[in-house]
Amino acid sequence: MAGSGLFAEITDGDVFKYYADGEWKKSSSGKSVAIVNPTTRKTQYKVQACTQEEVNKVMEIAKTAQKQWAKTPLWKRAELLHKAAALLKEHKAPIAECLVKEIAKPAKDSVTEVVRSGDLVSYCAEEGVRILGEGKFLVSDSFPGNERTKYCLTSKIPLGVVLAIPPFNYPVNLAVSKIAPAIIAGNSLVLKPPTQGAVACLHMVHCFHLAGFPKGLINCITGKGSEIGDFLTMHPGVNCISFTGGDTGVAISKKAGMVPLQMELGGKDACIVLEDADLDLVAANIIKGGFSYSGQRCTAVKVVLAMESIADSLVEKVNAKVAKLTVGPPEENCDITPVVTESSANFIEGLVMDAKKKGATFCQEYKRDGNLIWPLLLDNVRPDMRIAWEEPFGPVLPVIRINTVEEGIHHCNASNFGLQGCVFTRDINKAILISDAMESGTIQINSAPARGPDHFPFQGLKDSGIGSQGVTNSINLMTKVKTTVINLPTPSYAMG
């Protein structure tokens with residue numbers, strides 16, 4: 001059970017502590033932040049409301065710890081990461097329980113997220129040893145006009161303190177996707193979890209604590225974004241920011257200054273369906289891509305662009321599958337569970353009402369009970385409707401009928417987002433041409449958009465982000481190149 005047994009020390013009464021300098025602590029503010037259960041709409045947990053002064057202390061602690069950690073051998077860093085991964089898997093049940101209660105993620109998917117996170121940490125440990133264990137050796141005479149009088153040695157070195165800010169929808173997995181690369185690369189880390197998902201993150205951090213990492217290397221500070229958000233992201237002690245979320249990331253990127261940024265800021269992932277597509281495959285992927293975790297995924301299918309000639313058949317097949325989706329609480333492993341907050345539900349409803357007002361075809365009756373919104377397919381959506389462009393982050397999916405492939409590509413590229421997209425066709429040549437034309441970071445051919453496997457590159461174009469994720473790309477982003485040049489008194493050639 002969350003906050004008990006092995007995890008008892010992370011709580012103080014009914015308030016969860018924050019983690020700094022290898023200890024679980026209460027904030028001097030004496031205040032807490034409530035976490036509301038999306039299903040019951042009642043307070044489920046409370047976390048510490050940390051102060052700016054506590055942020056300052058954490059940053060100083062992390063800076064000191066990083067200097068020592070940078071001297072730790074790669075094999076030892078990897079060994080500790082493997083221990084943390086094993087602990088995550090061993091204690092998946094209480095962490096998954098938090099996900100169910102904090103973000104209304106179905107129980108089986110919550111367990112999957114924790115196990116996947118453990119696998120990611122282990123993979124990162126192995127990949128980091130390989131990447132960081134190699135350097136480059138250059139000789140000067142490969143450039144015109146030079147003799148071989150200089151030997152250049154390059155290696156990757158840590159940046160310093162990494163600030164990691166994951167989102168609510170995958171708070172554990174997207175936290176470790178930042179923590180593990182930072183740690184294997186020799187950095188220290190400060191984690192600012194989302195409010196919804198904070199307690200799951202605190203349980204995850206305790207697994208790293210139990211693994212035996214040095215004090216101050218990994219820290220987790222909780223609190224209101226309005227009070228410590230800007231203070232954290234603009235803090236002079238931060239040497240890199242890895243953020244996953246929404247519009248907040250744009251503001252962070254403008255204020256952050258000269259530090260490396262890794263930003264994933266959402267998408268309006270388009271699904272282009274050609275006349276020759278396997279419509280049963282398309283329908284199955286639209287259901288998986290559009291309605292998994294109630295559509296609250298950056299890589300969810302957000303708009304279907306279907307050729308007019310097959311649109312009726314496709315909509316019929318999708319509707320048949322929508323009718324089979326179960327709706328209810330996450331504890332019962334329902335397909336559609338409550339969205340994360342009431343404000344999210346209100347935003348989704350606003351998009352639905354706008355589409356209704358402007359004449360979209362409702363394939364199902366719109367139904368809502370609190371934060372729970374029943375799955376809804378909207379046909380005959382036009383570009384003048386908000387839902388054609390805005391990201392609902394909910395179980396509502398628009399279908400736009402197109403007459404040419406170019407029309408679909410144009411709609412995709414007219415969006416300010418460019419995270420992922422997908423194309424369904426039996427013609428691989430057409431698929432490649434369309435993929436090349438779509439202005440998105442990743443295009444899936446004959447499958448719904450997805451982030452993963454976790455070692456695949458993951459990036460967005462335009463307003464969808466800066467930099468690239470995936471294990472290798474994250475390790476590279478959280479390091480910089482250091483060069484040492486050996487100067488010889490006379491040219492020297494091997495075997496010369």
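Is the crossing of α3 and α6 left-handed or right-handed? Left-handed. Keep in mind that this is a predicted model.

Let me start with that helix pair. Helix α3 covers residues 92-103, and helix α6 covers residues 198-211. Their axes come within 8 Å. They cross at roughly 165°. Angles over 145 degrees count as roughly antiparallel, so α3 and α6 are roughly antiparallel to each other.

Who makes the contact? On the α3 side we have Ile 95, Cys 98, Leu 99 and Glu 102. They meet Ala 198, Val 199, Ala 200, His 203, Met 204 and Cys 207 in α6. By type, the contact residues split into 8 nonpolar, 1 polar and 1 charged.

Next, the rings. Searching the whole structure gives 6 aromatic pairs. One of them joins Tyr 19 and Trp 24. The centres sit 4.8 Å apart, the planes are 45° apart, and the pair is tilted. Both Tyr 19 and Trp 24 are buried.

Another pair is Trp 69 with Phe 213. Here the centres are 5.8 Å apart and the planes stand at 55°, so this pair is tilted.

Burial, quickly. Trp 69 has a relative accessible area of 2%, so Trp 69 is buried. Phe 213 has 10%, so Phe 213 is buried.

Last item, the cluster. Ring pairs link Trp 69 and Phe 213 with Phe 208.

Terms used:
Residues are numbered from 1 along each chain as its sequence is written. This is a predicted model: local features need pLDDT of at least 70, side-chain atom pairs count only at pLDDT 80 or more; totals for chains, interfaces and linings use all residues. Side-chain values use heavy atoms; hydrogens and water are left out. Axes are lines fitted to C-alpha atoms, for helices over the stretch in contact, and angles run from 0 to 180 degrees between N-to-C directions. Helices (H or I, at least four residues) and strands (E, at least two) are DSSP runs, numbered from the N terminus. Angles under 35 degrees count as roughly parallel, over 145 as roughly antiparallel, 65 to 115 as roughly perpendicular and the rest as oblique. A crossing is left-handed if the near helix is turned anticlockwise from the far one by less than a right angle, and right-handed if clockwise. Contact means heavy atoms within 4.5 Å. Ala, Val, Leu, Ile, Met, Phe, Trp, Tyr, Cys and Pro count as nonpolar, Asp, Glu, Lys and Arg as charged, and the others, Gly among them, as polar. Rings of Phe, Tyr and Trp (its six-membered ring) pair if their centres lie within 6.5 Å; planes under 30 degrees apart count as stacked, over 60 as edge-to-face and the rest as tilted. Buried means under 20% relative accessible area, exposed over 50%, partly exposed in between (1.4 Å probe, protein chains only).
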